[in-house]
Number of protein chains: 2
Amino acid sequence: MASMDTTRPAHCSRDGWEWTKQQGLRQGVPSIGVIHPPTRLPATTVVFDVIVAGAGYTGLTAARDAALAGLKVLILEARDRIGGRSWSSNIDGYPFEMGGTWVHWGQPHVWREISRYNMRDELEISQSYDGGVNHFTLASRDGNKSMSHPEEDALMESALDKFANVDGNSGRVIMPYPHNAGYNPEVWKYDKLTCRDRIDQIAGTLTADELCGLEGYLLMTSGSTIETMSFFEFLHWWALCGHTYRGCFEYLIKYKFRGGQSSFARKFWDEAVSTGNLSYAFNTPAAQIIDHGLEVEVVSKGGQMFRARRLLSAIPLNVLGTVGFTPELDAERTAAIKIGHLNQCVKVHAEILNKELRTWSGIDYTTSKLVYAFGDGTTPAGNTHIVAFGAMRNHLQPEEDIQETLKSVTALTSMDVDRLVFHNWHKDEYAKGAWFFPGRGFISSYHTALRARHGSIIFANSDWAVGWRSFIDGAIEEGTRAALEVIQELRKGKSNL
Amino acid sequence: MASMDTTRPAHCSRDGWEWTKQQGLRQGVPSIGVIHPPTRLPATTVVFDVIVAGAGYTGLTAARDAALAGLKVLILEARDRIGGRSWSSNIDGYPFEMGGTWVHWGQPHVWREISRYNMRDELEISQSYDGGVNHFTLASRDGNKSMSHPEEDALMESALDKFANVDGNSGRVIMPYPHNAGYNPEVWKYDKLTCRDRIDQIAGTLTADELCGLEGYLLMTSGSTIETMSFFEFLHWWALCGHTYRGCFEYLIKYKFRGGQSSFARKFWDEAVSTGNLSYAFNTPAAQIIDHGLEVEVVSKGGQMFRARRLLSAIPLNVLGTVGFTPELDAERTAAIKIGHLNQCVKVHAEILNKELRTWSGIDYTTSKLVYAFGDGTTPAGNTHIVAFGAMRNHLQPEEDIQETLKSVTALTSMDVDRLVFHNWHKDEYAKGAWFFPGRGFISSYHTALRARHGSIIFANSDWAVGWRSFIDGAIEEGTRAALEVIQELRKGKSNL
């Protein structure tokens with residue numbers, strides 16, 4: 001079926017898939033996030049100040065901050081590239097976003113970096129409402145409907161507001177500070193509900209179209225199922241987006257990097273390298289992490305050993321269970337790791353010949369395995385780029401049966417597909433899912449435990465960020481926190497042991 | 001009239017004024033922003049990597065980042081305290097904000113720091129709508145009106161939206177990216193208008209109450225006059241606040257530090273000191289800055305001389321003209337300095353015995369020299385804290401005639417004043433005004449020139465920030481930018497000369 005390209009050039013990642021009419025399915029796509037040569041280590045064995053396990057935005061931020069502060073840093077990364085669950089592949093002059101994509105100035109950690117790297121002018125808007133079909137398709141249980149984008153907005157605003165409006169003020173009373181979500185302790189009762197539970201509470205108030213739009217939207221946010229996803233976590237997203245659907249649209253899916261996410265990640269990387277304090281080894285997944293007290297030892301799957309005074313684990317929640325820790329992790333964190341998060345989002349890019357669909361969007365809750373899609377750009381060839389999202393409900397493994405994937409794409413609306421690009425996050429052993437989305441009760445039970453340190457090991461990941469948890473912003477928040485902790489500890493020359 | 005307290009304790013600043021019924025008017029108020037002892041200099045003469053002139057948030061951020069990166073930093077500050085135009089005085093256990101006050105997670109640079117210093121839980125909300133009079137007073141040209149706060153919000157939303165809605169979409173088309181204000185070049189035509197010009201365009205659509213509320217609001221934002229303030233700059237604020245009055249309220253005057261601004265500024269300071277790379281001299285205003293090429297020399301007003309490889313001037317626009325530069329500054333920057341900005345906001349705090357006014361707000365465009373006021377807190381003594389703003393129109397110098405100041409406060413609404421606290425920014429020789437607010441054409445003409453460097457001198461200040469210009473956020477933005485520039489230059493070992 002798929003052929004592994006063994007002659008792949010240095011800038012090509014093993015991650016990701018591309019299918020074209022001409023060449024069929026191929027594994028591995030190019031990315032400026034691939035670092036070559038993949039290893040830079042000192043000639044002799046040294047004890048680093050800090051080893052950062054993982055080169056997603058958390059690890060990149062932490063490594064950069066620590067290296068800037070003069071610490072000797074080693075990044076160990078399982079993959080052949082930086083960026084973790086956010087990376088872009090530039091194919092024929094067009095960046096396809098394989099994971100995390102959109103940014104906004106209301107995401108404070110992201111924006112501080114965009115400002116610092118003077119990239120404010122490097123954003124563009126995904127959607128277009130200029131010409132073409134300029135409509136939204138809702139494939140609901142009672143048939144396909146076409147409506148204008150303002151009608152789409154009105155439908156979604158109404159549906160989402162009914163869903164989130166638990167306090168008569170669109171959630172502003174129950175969660176006034178999104179960066180301190182439990183400020184009103186009354187909010188925690190909503191972590192006992194799944195989104196299905198909440199829909200059941202308001203079912204009588206929703207029209208059939210609203211219910212369909214809402215369910216499609218919820219599946220897009222969680223990549224899971226409505227029966228499992230936490231209503232509290234959705235309220236957190238809602239509050240982060242200013243308690244409006246307009247906010248959800250603007251913060252979550254509107255502004256992206258003209259040059260792709262990897263152009264942003266490279267800024268962190270290049271700055272960290274420029275300090276002269278960064279060593280690194282790609283293709284080096286951690287297998288064992290042993291806290292000896294004054295030093296932490298990391299043994300890679302390939303048997304290499306590295307030592308440092310502190311270890312900063314930027315390993316995602318769903319992957320932590322594949323790494324051995326000595327001493328053993330505490331019972332709460334172990335339980336949280338065992339449960340994991342739910343998000344198995346399927347994101348498929350389609351380059352299509354239909355120019356008129358540049359202004360299209362759609363939700364399909366019935367026929368397609370892809371639930372939510374919209375025109376996301378125009379390629380240099382003049383084709384339309386459609387991005388489509390699927391979830392755990394009616395799950396799709398895009399590379400396993402490319403005809404079924406094509407069928408799911410074209411079921412959304414009629415289109416002539418020239419190329420597909422995607423990353424199967426579900427099968428990715430270093431992610432085991434997409435962005436964090438928890439089941440009910442998970443945050444109430446485990447958020448504090450996941451943020452705690454373990455001897456000389458600090459755990460940092462967007463999966464347990466405080467603010468924009470699950471987002472690139474949360475990753476930078478966590479990397480910033482962890483780096484500061486390590487820098488201050490090592491400066492004081494104190495050990496916590 | 002006023003007596004200078006020569007026995008002032010070490011934590012008391014020369015800045016600020018306090019008046020009480022019991023003790024009358026006194027100059028100087030306590031602040032945790034006062035650094036004691038005020039000087040820490042190396043025993044022998046050294047050439048620093050960078051001298052940072054000014055210890056407001058720009059200078060604090062730059063000095064901290066540079067010191068963290070291992071550079072040898074000297075802060076020179078004219079005052080006896082950190083914080084510049086944002087500082088708090090804790091009096092009888094209550095923080096009075098003498099300048100910049102409110103913060104929000106939509107201010108990315110501020111929020112990154114609040115998150116990094118783990119101060120997310122240290123915010124409180126200024127306004128209360130619980131009990132008391134719970135109303136808004138509008139003293140318009142045709143008499144006093146009392147309305148509920150929801151009525152106030154509806155009035156202001158209507159007035160401000162009419163004012164800003166130049167494109168049929170509340171300004172979202174003309175300024176879609178507030179952090180790239182000129183993204184739609186059509187917007188620049190609005191920098192040719194004053195706010196009076198814009199009011200004239202829409203005058204027929206405003207009710208008398210809306211006009212009054214709008215004018216009061218505009219004077220509060222600019223501290224100047226409606227006839228001089230740039231409409232473009234107001235549009236920029238509006239866009240930053242999400243193009244809604246609700247946003248203006250939430251971003252601009254809602255959330256403040258429970259411990260006062262100086263509790264935030266101290267975090268930057270303490271971290272910079274902890275690096276071991278920071279020297280400093282308070283009470284040391286710069287008089288001459290001489291760029292010798294490989295080194296920059298600063299001569300203080302007291303005749304002390306300091307040298308560094310780079311100078312980072314965090315001196316505000318309205319003060320730059322008091323410093324001599326060699327070589328001379330370019331013609332454009334010199335012209336901008338000569339024009340300056342307009343903001344001569346008068347901010348007066350009143351501690352009053354009227355508990356019921358905790359839930360009051362008011363705009364007075366007729367009888368009082370203070371235009372806009374609201375209940376801002378409750379002091380430990382159980383009194384209400386009212387904050388009031390005046391502008392250049394009908395200007396007040398609060399300490400010159402305390403009876404007139406009291407009259408202006410009580411003209412807003414009847415109240416029994418126990419204490420007044422304020423900082424006269426107009427007479428402050430190291431500020432010469434409050435936050436930056438420009439006249440028409442200023443940003444179009446001078447923004448680029450103000451951001452340019454001058455040999456080994458880098459100019460950084462919120463007054464010419466890109467995003468939240470005039471705000472604490474803009475100051476941190478600028479300090480971040482300047483520090484990165486210096487760090488990268490000195491790391492490369494290259495000189496720009």
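Before going on, some ground rules. This is a predicted model, so local features need pLDDT of at least 70 and side-chain atom pairs count only at pLDDT 80 or more, while totals for chains, interfaces and linings use all residues. Residues are numbered from 1 along each chain as its sequence is written, chains are lettered from A and ligands numbered from 1 in the order in which they are written, and side-chain values use heavy atoms, with hydrogens and water left out.

Now the symmetry. Chain A superposes on chain B by a rotation of 180° with 0.0 Å of shift along its axis, at an RMSD of 0.0 Å. The two copies are thus related as by a two-fold rotation axis. The superposition is by least squares on the C-alpha atoms of residues with pLDDT of at least 70 in both copies. Within chain A, the residue that comes closest to the axis is A:P108, at 1.9 Å by its C-alpha.

The structure holds four cavities of 30 Å³ or more. A cavity here is a set of points, on a 1 Å grid over the protein atoms alone, where a 1.4 Å probe fits but cannot get out; lining residues have an atom within 4 Å of a point. Grid points are joined across faces, edges and corners, and a volume is the space filled by probe spheres set on the points.

The second largest cavity has a volume of about 180 Å³. It is lined by 16 residues, and the closest to its centre are A:D65, A:L68, A:R112, B:D65 and B:L68. At least two lining residues each come from α1 (57-68) and α2 (108-116) of chain A, and from α1 (57-68), α2 (108-116) and α13 (472-492) of chain B. Helices (H or I, at least four residues) and strands (E, at least two) are DSSP runs numbered from the N terminus.

On to the annotated positions. In an unreviewed UniProt entry, "binding site" covers A:T58, A:E77 and A:A78; such annotations may be inferred rather than shown by experiment, feature names are shortened, and positions are given in the numbering used here.

A:E77 sits in the loop between β6 (73-76) and β7 (88-91) of chain A. With a relative accessible area of 6%, A:E77 is buried (under 20%; exposed is over 50% and partly exposed in between, with a 1.4 Å probe and protein chains only). Its side chain reaches the backbone nitrogen of A:A55 at 2.6 Å. A:A78 lies in the loop between β6 and β7 too, and is buried at 13%. Leaving aside neighbours within four places in sequence, A:A78 is in contact (heavy atoms within 4.5 Å) with A:R14, A:N283, A:T284, A:P285 and A:Y430.

The unreviewed entry's "binding site" annotation also covers A:F389. This residue belongs to strand β21 (residues 384-390) of chain A and counts as buried at 3% relative accessibility. Not counting residues up to four places away in sequence, A:F389 touches several residues, including A:W102, A:M220 and A:W435.

So, one last stop: is B:E210 buried or exposed? At 7% relative accessibility, B:E210 counts as buried, and its place is in helix α5 (residues 208-222) of chain B. Thanks, everyone!

Definitions and conventions. Polar contact = N/O pair within 3.5 Å; in protein donor to acceptor, adjacent residues only side chain to side chain. 1 Å grid on protein atoms, 1.4 Å probe; cavity = no way out; pocket = protein on both sides within 12 Å on 5 of 7 lines; lining within 4 Å.
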